Amino acid sequence: IKASFAIFTNGTFRVFTASMYYNLSDDVFIEASNPNIVRVRKKGVTWDDFFKTLPMKLTKDCLTTGTGQTFCTGSNTILKFYLNGERDQNALERTINQGDKLHVSFGNENDEQIRNQLQQIPVVR
């Protein structure tokens, strides 16, 4: 199974090019060749399962990056989740399926900015 994801914080596309993110689990992982593509080798793996393999933390309300930056929902900014283009605050609980696209965005973006971010997530077949 292959799926894709992207994380944006205040409009900045987060990149996962550091080697500390690669091949950390036999069940679900990203590779250096395309760090926005998730490879799943075991049925029933959720997005939360995937993110728990990485040296970062992601919950419904907070993102802590691998470098220790923290982005949490507050009065002016919101951590939002979109699965296959639809807003889904429970996306982390969803099973990763072939071709899924997970979009995580922190900030106060408008609809057009969200659409532009969605277009930056790779399509997998």
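Analyst: His103 is found in strand 10, where strands (E, at least two residues) and helices (H or I, at least four) are DSSP runs numbered from the N terminus. This is a predicted model, in which local features need pLDDT of at least 70 and side-chain atom pairs count only at pLDDT 80 or more, while totals for chains, interfaces and linings use all residues. Residues are numbered from 1 along each chain as its sequence is written, and side-chain values use heavy atoms, with hydrogens and water left out.

User: Is His103 buried or exposed?

Analyst: His103 has a relative accessible area of 0% and is therefore buried; the term means under 20% relative accessible area, with exposed being over 50% and partly exposed in between (1.4 Å probe, protein chains only).

User: And which side chain makes a polar contact with His103?

Analyst: That is Gln117, whose side chain is joined to the side chain of His103 by a polar contact of 2.8 Å. A polar contact is a pair of N or O atoms within 3.5 Å; within protein, one must be able to donate a hydrogen and the other to accept it, and residues adjacent in sequence count only if both atoms are side-chain atoms. Leaving aside residues up to four places away in sequence, His103 also touches others, including Ala6, Phe8, Lys80 and Tyr82, where contact means heavy atoms within 4.5 Å.

User: OK, strands next. What does strand 1 pair with in parallel?

Analyst: Strand 1 runs parallel to strand 10, and six bridges join them; two strands are said to pair if DSSP finds at least two bridges between them. Within this pairing, Thr9 stands opposite Phe106 in strand 10.

User: How many residues of strand 1 are buried?

Analyst: Seven of the eight residues of strand 1 are buried, so the strand is mostly covered. Strand 4 (residues 34-40) is largely enclosed by the rest of the structure, because five of its seven residues are buried.

User: Where are the hairpins?

Analyst: One is formed by strand 3 and strand 4, with two residues between them; these strands pair antiparallel over three bridges, and Phe29 has Arg39 in strand 4 as its bridge partner. Another is made by strand 1 and strand 2, again with two residues between the strands, and there Asn10 takes a positive phi near 50°. Strand 1 and strand 2 run antiparallel and are joined by two bridges, and Phe8 is partnered by Phe13 in strand 2.

User: Switching to charges, how many salt bridges are there?

Analyst: The count comes to six, a salt bridge being a side-chain nitrogen of Lys or Arg within 4 Å of a carboxyl oxygen of Asp or Glu. One of them joins Asp27 and Lys42, with the closest N and O atoms 3.9 Å apart. Asp27 lies in the loop between strand 2 and strand 3, and Lys42 in the loop between strand 4 and helix 1, so the pair ties together parts that are 15 residues apart in sequence.

User: Last topic, aromatics. How many pairs?

Analyst: The structure holds nine aromatic pairs, counted when the ring centres of Phe, Tyr or Trp (its six-membered ring) lie within 6.5 Å; planes under 30 degrees apart count as stacked, over 60 as edge-to-face and the rest as tilted. The rings of Phe5 and Phe51 have their centres 5.7 Å apart and their planes at 90°, so this pair is edge-to-face. Phe5 lies in strand 1 and Phe51 in helix 1, so the pair ties together parts that are 46 residues apart in sequence. Both Phe5 and Phe51 are buried.

User: Which residues form the aromatic cluster?

Analyst: Phe5, Phe16, Tyr21, Trp47, Phe50 and Phe51 form one aromatic cluster.
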